[in-house]
Amino acid sequence: MEYKNPVLKKGKHKVTSPYGMRTIFGKRKMHNGIDIVGEGSTLDYIVAFADGIVKISKNSSSAGEYVELNHGSCYTRYLHMKKGSRTVKAGQAVKKGQVLGYMGATGNVTGAHLHFDIKINNEFVDPAPYLNGEKEFNKADFNVVREWQVSAILDGFEFPKFGADGKWGAECEGVAKKAVGKKRISYKYPYLTKLIQKAVGVKVDGKFGKDTKNAVILYQRNNGLKPDGCVGVNTWKKILGVK
Ligand SMILES: [Zn+2]
């Protein structure tokens, strides 16, 4: 079988246990994800279901070596990876299809497989229709603030308390303040600079030069902000349309 949105690198898979109620050792229990192996019961690399930010990448006694990704208000988890195979760290941005690790049998399992699950608004849902492409994550979760947070993470900043949650708050303001160097955003932050360049309408190259600074000053003048060419909290709030 092949999914439209695969979580295995080679694409083809076999379901060994679907989502839903199941009987294990005589007990009825809810299985809140889907268990799969590669085609012909082989092992395979595990890839990200969608773009997101790594929320957790660690070892736990039941889930084994696992990764949890934040996609806005949706989360995906990849359990029982091979020991030492995880390729991502918490806080890192990942792309759909990016390798997260290799299938294994760590944690509470009887054999090697990938347990994949999806949480939407804090509740597990059947992953099958999402893997098949019948259902999709709500695109509204990928808002401008989240794009800003992801850009800041790519530039090396962290949001330890709330992550890239798509909401503008004190943690965002702290990062916005830190990103400003002498009268301009530091050259070290190309992803944030690209967002500024898109907003003020200059060439998007990630380098905050004279043209960008002049365009920022004009933008600030037109929007009733202090025209200093320095993109701090107030200018960001205007760009992102937050109060
Ligand atoms: Zn499972």
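How many bridges join strand E1 (residues 13–17) to E4, and in which sense do the two strands run? The points below answer this and then consider other parts of the structure, which is a predicted model.

1. Strand E1 (residues 13–17) and E4 are joined by 4 bridges, and the two strands run antiparallel. Within this pairing, a reader may locate Ser17, which stands opposite Asp35 of E4.

2. **Another partner of E4.** E4 also pairs with strand E11 (residues 114–120), again in the antiparallel sense, over 3 bridges. Here Ile34 has Phe116 of E11 as its bridge partner.

3. **Division into domains.** The protein is divided into domain 1, residues 13–138, and domain 2, residues 143–240. The centres of the two domains, taken over C-alpha atoms, are separated by 34 Å. Contact between the domains involves 6 residues of domain 1 and 8 residues of domain 2. The side of domain 1 that touches domain 2 comprises 2 nonpolar, 3 polar and 1 charged residues.

4. **The largest nonpolar core.** This core contains 50 residues, of which Val7, Ile46 and Tyr78 touch the most other members. The core draws at least three residues from each of domain 1 (13–138) and domain 2 (143–240). If its neighbours within four places in sequence are left aside, Ile46 is in contact with Val7, Leu8, Tyr78, Met81, Leu100, Gly101, Tyr102, Met103 and Leu114.

5. Most residues other than glycine have a negative phi. Phe25 is not a glycine, yet its phi is positive, about 50°. His80, also not a glycine, has a positive phi of about 65°. Phe25 lies in the loop between strand E2 (20–24) and E3, whereas His80 is found in strand E8 (residues 74–81). Is each of these residues buried or exposed? Phe25 counts as exposed because it has 5 C-beta neighbours inside 10 Å, where 12 or fewer is the limit for that class. His80 is buried because 24 other C-beta atoms lie within 10 Å, and the threshold for burial is 20 or more.

6. **Lys27 in strand E3.** Lys27 belongs to strand E3, which spans residues 27–31. With 7 C-beta neighbours inside 10 Å, Lys27 is classed as exposed. Where does Lys27 stand relative to Ile185? The two are 158 residues apart in sequence, and their C-alpha atoms are 59 Å apart in space.

7. **Helix H4.** Helix H4 runs over residues 190–200, and its buried residues are Leu192, Thr193, Leu195, Ile196, Gln197 and Val200. What covers these buried residues? The cover includes helix H2 (144–154), helix H3 (170–179) and helix H5 (210–222). After H4 comes Gly201, whose phi is positive, near 75°.

How values were computed
Residues are numbered from 1 along each chain as its sequence is written. This is a predicted model: local features need pLDDT of at least 70, side-chain atom pairs count only at pLDDT 80 or more; totals for chains, interfaces and linings use all residues. Two residues are in contact if their C-beta atoms, placed from the backbone, lie within 7 Å. Two strands pair if DSSP finds at least two bridges between them. Domain bounds come from an automatic or database domain assignment. Ala, Val, Leu, Ile, Met, Phe, Trp, Tyr, Cys and Pro count as nonpolar, Asp, Glu, Lys and Arg as charged, and the others, Gly among them, as polar. A nonpolar core is a set of buried Ala, Val, Leu, Ile, Met, Phe, Trp, Tyr and Cys residues joined through C-beta atoms within 7 Å.
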